[in-house]
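User: I would like to learn how to read a few features of a protein model. Could you take me through them step by step?

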Amino acid sequence: VHLVGKGASVDTTDIEGNTLLMLAARDGHADTVDFLVKQRAKLNARNSAGDTAMRLAAFRGHLKVVEILVAGGAAVNMAGWTPLAYAAFSGHLDIAKLLVKAGAEVDAPSENGTTPLIAAARHGHIEVVKLLLANQSDPNKTLESGETALDVALANKNTDVAELLRKAGGKSGRSVTIEVK
């Protein structure tokens, strides 16, 4: 922040492409994030891993930072893992609620087909699963492998989540093959 005051660019990056905003968001420094948003930092810049400040804050569970970024106009939808999928993966219910309210696509898939619902089911985050289902998340979206959220929940022994998914119409995407000899 002191360097910006001396004329350094707010969008300076480190070797991995992280901007000051990304680092502040990742580490939960809400005051610094607020300062950088007001300095017109690039809100949707991506680092070498493809992460934005919003994705990093959602993954780490920094609600105040996510609030500041949403208010500042940062994207809640993007190709690849979305901030909502990161929040669902980590079980951050308050952030997931905020992102859904801000217009996050509940079924946006990552490169391998992971939706926020599949991410939440994998890790047994039942409250996030409930939130996503209440917001019309499709329980039968599949990964590249053909597995659904139900398959992922069962594979990870999250039987409470699996039961909830079944009640919401979730089915297995695994095809049963019978070998005849």
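This is a predicted model: local features need pLDDT of at least 70, side-chain atom pairs count only at pLDDT 80 or more; totals for chains, interfaces and linings use all residues.

User: Which residue does the side chain of Arg 26 meet in a salt bridge?

Analyst: The idea is to look for a side-chain nitrogen of Lys or Arg within 4 Å of a carboxyl oxygen of Asp or Glu. Here the partner of Arg 26 is Asp 27, with an N to O distance of 2.9 Å. Asp 27 is partly exposed too, at 35% relative accessibility.

User: With which other residue does Asp 27 form a salt bridge, and how far apart are the closest N and O atoms?

Analyst: That would be Arg 60, with 3.6 Å between the closest N and O atoms. Asp 27 sits in the loop between α2 (20-26) and α3, whereas Arg 60 belongs to helix α4, so this pair ties together parts 33 residues apart in sequence. Arg 60 has a relative accessible area of 44%, which makes it partly exposed. Taken together, Arg 26, Asp 27 and Arg 60 form a linked network of salt bridges.

User: How many salt bridges are there in the whole structure?

Analyst: The search finds six. One of them joins Glu 163 and Arg 166, whose closest N and O atoms are 3.8 Å apart. Both residues lie in helix α11 (residues 159-167), three residues apart, or about one turn of the helix. Glu 163 is partly exposed at 38%, and Arg 166 is partly exposed at 42% relative accessibility.

User: Let's turn to the backbone. Which residues have a positive phi although they are not glycine?

Analyst: As background, most residues other than glycine have a negative phi. In this model, Arg 40 has a positive phi of about 65°, and Gln 136 also has one of about 65°. Arg 40 is placed in the loop between α3 (30-38) and α4 (53-60), and Gln 136 in the loop between α9 (126-134) and α10 (149-155). Arg 40 is exposed, with a relative accessible area of 72%, and Gln 136 is exposed at 64%.

Notes: Residues are numbered from 1 along each chain as its sequence is written. Side-chain values use heavy atoms; hydrogens and water are left out. Helices (H or I, at least four residues) and strands (E, at least two) are DSSP runs, numbered from the N terminus. Buried means under 20% relative accessible area, exposed over 50%, partly exposed in between (1.4 Å probe, protein chains only).
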